[in-house]
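Please read the points below with the sequence and the model in view.

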Amino acid sequence: MSQWTNFRDAIEGEIENVKLDELAKQELTKNLVDNVMPAVDAWVDKLAGGLTEEAKGESGWCKIRDGIVLPYVLKAIMYIGKQALERTLANTVKEA
């Protein structure tokens, strides 16, 4: 076998041995809430702001879509996702 095949098989063997315990899941969720969500939230705010700004030059349905619908849908998705992660984290920390 080639070196690459041996290397790949060794990595696959290690991955199969990894067990995901509750603490690892809590740490992952905490990192998502603390590090990833603020960056995604800032990106959504920037995108929503750009859509709202573009809506000023639109008319009809496109103005409503860009000025109201898409920004609020994006912000609602972010809110729901953030709340779900925070509540999951709060509930699992109490149980652990």
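The numbered points go from the whole chain to single residues.

1. Basis of the note. This is a predicted model, in which local features need pLDDT of at least 70 and side-chain atom pairs count only at pLDDT 80 or more, while totals for chains, interfaces and linings use all residues. Residues are numbered from 1 along each chain as its sequence is written, and side-chain values use heavy atoms, with hydrogens and water left out.

2. Secondary structure. The protein chain holds three helices and zero strands, and its elements follow the order α-α-α from the N terminus. Helices (H or I, at least four residues) and strands (E, at least two) are DSSP runs, numbered from the N terminus. Helix α1 covers residues 3–17, and helix α3 covers residues 61–95.

3. Overall dimensions. The radius of gyration of the protein chain is 21 Å, whereas a compact globule of 96 residues would have one near 12 Å. This radius is taken over C-alpha atoms, and the globule rule is 2.2 Å times the number of residues to the power 0.38. The C-alpha trace spans about 65 × 45 × 20 Å along its principal axes.

4. Surface and burial. Of the 96 residues, 15% are buried. A residue is buried under 20% relative accessible area, exposed over 50%, and partly exposed in between (1.4 Å probe, protein chains only).

5. Contacts along the chain. Among the contacts with a separation of 6 or more, 57% are between residues 24 or more positions apart. Contact means heavy atoms within 4.5 Å.

6. Asp66. Apart from neighbours within four places in sequence, Asp66 is in contact with Leu51, Thr52, Glu54, Ala55, Glu58 and Pro71.

7. Thr92. This residue is also found in helix α3, and it counts as buried because its relative accessibility is 18%. A polar atom of the Thr92 side chain lies 3.2 Å from the backbone oxygen of Leu89. Not counting residues up to four places away in sequence, Thr92 touches Glu22 and Gln26.

8. Phe7, in helix α1, is partly exposed at 47% relative accessibility; Phe7 and Val69 are 62 residues apart in sequence and 50 Å apart in space, C-alpha to C-alpha. Lys82, in helix α3, is partly exposed at 32%. Lys82 and Thr5 are 77 residues apart in sequence, and their C-alpha atoms are 41 Å apart in space.

Notes
Polar contact = N/O pair within 3.5 Å; in protein donor to acceptor, adjacent residues only side chain to side chain.
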